[in-house]
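Hi everyone, thanks for making time for this.

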Amino acid sequence: MSRKRKQTIAVLLVLVCLIAIIPLFVLKGAEFGGSDDAGSQMITEIRGSEYEPWFTPVLEAAIGGELPGEIESLLFCLQTGIGVGVIAFFMGRLVERKKWQDKQL
């Protein structure tokens, strides 16, 4: 890898870290809620009444309550890992196909 490319990657990593860290210090006391909470609040503002979901999540119905935050995070990380694995598999296949095609020519 060339020196210029390494510098570019390093600068981009630093920028990503700054984008993630700066709001924590600049916006002291701010609440960083999720999109589910924001959506429910917007529906409440628009309709003027409390939002009632159309259905209950399958896992919550099966266990008779909400999932603990740790389990919810675990499932999200597992889903992310599977997605990354699938994408990496197909990208690897594309790279290998290109290598084999270059060898045959």
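Predicted model: local features only at pLDDT ≥ 70, side-chain atom pairs only at ≥ 80, totals over all residues.

Let's start with helix H2, residues 35-47: at 1.5 Å a residue its 13 residues should span 18 Å, and its end C-alpha atoms are 18 Å apart, so the two agree. By helix I mean a DSSP run of H or I with at least four residues, numbered from the N terminus, and the expected span is 1.5 Å times one less than the number of residues.

Residues are numbered from 1 along each chain as its sequence is written, and side-chain values use heavy atoms, with hydrogens and water left out.

Now helix H1, residues 3-26. Its 24 residues should span 34 Å at 1.5 Å a residue, and the end C-alpha atoms are 34 Å apart, so that agrees as well. H1 does have a kink of about 25° at alanine 20, shortly before proline 23; the bend is the angle between axes fitted to the seven residues ending there and the seven starting there.

What does UniProt say? Its unreviewed entry places "transmembrane region" at residues 9-27 and 73-95, in the numbering used here, though such annotations may be inferred rather than shown by experiment. In the model, residues 9-27 are 95% helix, and residues 73-95 are 100% helix, with end C-alpha atoms 32 Å apart.

On to pockets. A pocket is an open set of points on a 1 Å grid over the protein atoms alone, where a 1.4 Å probe fits, with protein on both sides within 12 Å along at least five of seven lines; lining residues have an atom within 4 Å of a point. The largest one is lined by 20 residues, with Asp36, Ser40, Pro53, Pro57 and Glu60 nearest its centre. Which helix gives the most to that lining? H2, with six residues. The second largest pocket is lined by Gly69, Glu72, Ser73, Leu75, Phe76 and Gln79.

Last, the charged pair. Side chains of opposite charge can pair when their charged atoms come close. A search of the whole structure finds one salt bridge, meaning a side-chain nitrogen of Lys or Arg within 4 Å of a carboxyl oxygen of Asp or Glu. Here glutamate 96 pairs with lysine 99, the closest N and O atoms being 3.7 Å apart. Both lie in helix H4, residues 69-104, three residues apart, about one turn of the helix.

Methods:
Helix = DSSP H or I, 4+ residues; strand = E, 2+ residues; numbered from the N terminus.
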